[in-house]
Amino acid sequence: MAAALINVQKTVRKGEIIEIKTLMAHPMETGFRTGLGGQLIPRDIIHRFVCTFEGVEIFAADLFPAISANPFIAFTFMPQQSGTLTFRWFDDKGGAQVETARIEMV
Amino acid sequence: MKRLAVLIACLSGPVCAQDSKSVSFDKRSTFDLMKPETQAMQRDDASNPAMLWVQEGRALWQAKAGSTDKACQDCHGDVASMKGVATRYPAYSAAQQKVVTLGQQIQFCRAQEQKAEPWTAEARPVLALSALVGLQSRGLPLAKTGPAEARAVAEGRALFTERRGQMNLSCAQCHDDHAGQSLGGAIIPQGHPTGYPIYRLEWQDLGSLERRLRNCLNGVRSEPWPSGSSENVAVQTYLRERAAGLPIETPAIRP
């Protein structure tokens, strides 16, 4: 896995709902396509995405082969305090890409 | 359905054989033909997957490479210095004594200025840096070509209007004469190079203008021009001239 882009505001007011947008560079190879020699290209997809805030899971998703390359995942959240968001993408090769983002309550 | 049948008959038959004149329509980007969802994806950098390449480009811009141990940044400064550059490519390069695309200029700097292992035309780093450099000109109008590019423009115009492939169609027959009409599931756009490199949903990938042209040439069953060939650069130079005035959208989304 290569690179991720996280888009989230840095500061938040109490009671505010924020939108978190993520993009992950990944081929999302379905396992159904054949290569030049006619043999199947092995499946390699991100099968799970998890976001935690200060260690508590706030959003998770299972992903399947029909999801396009470079998956875009967006969701909303209402933080109660300042803290760190941790994003994890797990792929079939056993890799996990981890990114973090800090939000300050003002 | 009837319109489509007429269009196909017209495109492939000898009835519309008169060749197209120069473009005289209002220039419009393919953006205007896209679904609102696809337009929204392009408008919002946070949902445009091409931004993943832009981010990679930023890292490459700062990475020292080659026997000179120099980064792009060491010679060019902050990438913001590239503002406006993409509006005038393909351009004549005095150092290379020919008209080159932005990608070829980047390849040239990599091999000759950094003295690093060369990149091939559509290698990921070339696309990433092209997207980054192109982004610096987003919103600026494509510039008209100058005298140094005149020969390439003329060669490109001739290629654009020449019938080719098993279908015996010219680019102009689709993009000048039938722009706005439908072909299969797609509406034929005017065919402007304003968004390259583009993230094409069909490819699920970032791709160059050359790759887009290969798609069109394959579509008419014509052998694509070799990568970096003078034909390829000439057509791209003509496309630049033809689109002059339209704003750069790099990195655009296309269906």
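**Entry 1: the sheet in chain A**

I began with the strands of chain A and found 5 of them in an open sheet, ordered β2-β8-β7-β4-β5, with mixed pairing. I noted that β2 (11-12) and β5 (56-62) of chain A are the edge strands, each pairing on one side only. A reminder to myself: this is a predicted model.

**Entry 2**

How many bridges join β2(A) to β8 of chain A? I found 2, and the two strands run parallel, with β8 covering residues 96-105.

**Entry 3: where the chains meet**

Next I turned to the other chain. I listed 12 residues of chain A in contact with 11 residues of chain B. I also looked up an area, because the size of an interface is often given as the accessible area lost when the parts come together. Between chain A and chain B about 960 Å² is buried, and carbon and sulfur atoms give 61% of that. Which residues of chain A lose the most area to chain B? They are L5(A), L23(A) and N70(A), together 45% of what that side buries.

**Entry 4: polar links**

I then checked for charges that meet across the interface of chain A and chain B, and the rule finds 1 salt bridge. K21(A) and D44(B) form this link, and their closest N and O atoms are 2.6 Å apart. I counted 4 residue pairs in polar contact between chain A and chain B.

**Entry 5: the side of chain A that touches chain B**

Here β1 (4-7) and β3 (18-24) of chain A each supply at least two residues. I sorted the residues of this side into 8 nonpolar, 3 polar and 1 charged.

Conventions: Residues numbered from 1 in each chain as written. Chains lettered and ligands numbered in written order. Predicted model: local features only at pLDDT ≥ 70, side-chain atom pairs only at ≥ 80, totals over all residues. Heavy atoms only, no water. Pairing = 2+ DSSP bridges. Helix = DSSP H or I, 4+ residues; strand = E, 2+ residues; numbered from the N terminus. Contact = heavy atoms within 4.5 Å. Buried area = accessible area lost by both parts, 1.4 Å probe. Salt bridge = Lys/Arg side-chain N within 4 Å of Asp/Glu carboxyl O. Polar contact = N/O pair within 3.5 Å; in protein donor to acceptor, adjacent residues only side chain to side chain. Nonpolar A, V, L, I, M, F, W, Y, C, P; charged D, E, K, R; others polar.
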